[in-house]
Amino acid sequence: MIRSKIAGIGMYVPKNVVTNDDLSRVMDTSDAWIRERTGIRERRFASRYEDTTTTMAFEAAQIAIRRAGITARDIDFIVFATLSPDYFFPGCGVLLQRLLETKEIGALDVRNQCSGFLYGLSVADQFIKSGMYRNILLVGSETHSYALDFTTRGRNLSVIFGDGAGAVVLQPTENENQGILSTHLHSDGAEAETLAMLNPGFHAGRFVREKRPSLPDKPYGGLFITEELVEKEDFFPQMDGPAVFKKAVVKIPEVVMEALQKNNLTTADIDMLIPHQANLRISQVVQHALGLSDDRVHNNIQKFGNTTAASIPIALCEAWEMQKIKDGNLVCLAAFGSGFTWASALLRW
Ligand SMILES: CC(C)(COP(=O)(O)OP(=O)(O)OC[C@H]1O[C@@H](n2cnc3c(N)ncnc32)[C@H](O)[C@@H]1OP(=O)(O)O)[C@@H](O)C(=O)NCCC(=O)NCCS
């Protein structure tokens, strides 16, 4: 039976370290508040005019490709997960294809926010298992810092997020003790606006009446960015933090258990859980719910903040580099985020 394995992994974070004290100089917040509520001590922010979501993905991808023992010309397909693309369109997949100078391969963009890497992993896994592709490059990359509200108004959200990228190369394996065992994807759009960036957008206020822009004085167009929207600075992401928290601590353990049951395994079999790095408190509640000891969960939100689609590959890469993950280990990846979407994957390293 053919399975997909992670043949190479890489990560990249920008060099610019931003501490909680740095943030408290531009908004009403404090190191104590951020540490206590989120566990975050510092995060990396992209260097303006230098790093973009695509360039950071390029850095991480080059490492993953090298570690897989292939070259960019061997890549058959690109899957790119991000909520902060360089352009509204085209997506980052083609920009990465251009930078890597791959062949004229397919490039798919995935927009599932914090679950984006796992959605991408699931798609790539199916392509490999079906025999369609042999070397798939999957990346998660985010440049949150260019678009957040760094005034006190946006503090509940802007202190959480950081920038960075992670990448893996997936290849087929016939080794029974290696590879992705299963992936599990879910969504519930009932709370789509609970954690969202609505503007600019093509929605014309259809779903959120209070966000309906006044009609422009022309017969067509003019609804994507209105003067009103710019005047009111109504173009930042929004989040009901406590609502996200409550749902995440239920759905993450649930989707981990789903993966274990599917494979006739139990929590005792997990060697390493890599939870999406949303908030250290969320990870701790999940760890407690699953009864896992500290050495079987890897968190690094303390250093990097929440990097959304990049958080799982960054944490996975770091855990592997620290030799916390060894050949044959059972690794569980799990995420929850905007959408809401949530997902898990179980793999033998
Ligand atoms: C965002 C989050 C840290 C906020 O923590 P919380 O304990 O729920 O805090 P609340 O939002 O209830 O706000 C509590 C108070 O802190 C204040 N506050 C919010 N952000 C603050 C900040 N950065 N600094 C200081 N005070 C802040 C609020 O204004 C509020 O003040 P009030 O009581 O005077 O109204 C927390 O809800 C969370 O982590 N949620 C999950 C978010 C997440 O994971 N998002 C990504 C999903 S992938």
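A residue is termed buried under 20% relative accessible area, exposed over 50%, and partly exposed in between (1.4 Å probe, protein chains only). The model is predicted: local features need pLDDT of at least 70, side-chain atom pairs count only at pLDDT 80 or more, and totals for chains, interfaces and linings use all residues. Residues are numbered from 1 along each chain as its sequence is written, and side-chain values use heavy atoms, without hydrogens and water.

At 10% relative accessibility, Pro253 counts as buried. Pro253 lies in helix H8 (residues 241–262). Helices (H or I, at least four residues) and strands (E, at least two) are DSSP runs, numbered from the N terminus. Leaving aside neighbours within four places in sequence, Pro253 is in contact with Ala248, Val286, Ala289 and Leu290; contact means heavy atoms within 4.5 Å. The C-alpha atoms of Pro253 and Gln287 are separated by 8.4 Å, at 34 residues apart along the chain.

Helix H4 (residues 92–100) has buried residues Cys92, Gly93, Leu95, Leu96, Gln97 and Leu100. These pack against helix H3 (53–67) and strands E4 (77–81), E5 (106–110) and E6 (136–142). Glu101 follows H4, with a positive phi near 55°.

Four strands form an open sheet with mixed pairing, in the order E8-E13-E12-E11. Strands E8 (179–187) and E11 (272–275) are the edges, each pairing on one side only. Two strands pair if DSSP finds at least two bridges between them. E11 and strand E12 (residues 330–337) run parallel, joined by four bridges. Cys332 in E12 is the bridge partner of Leu273.
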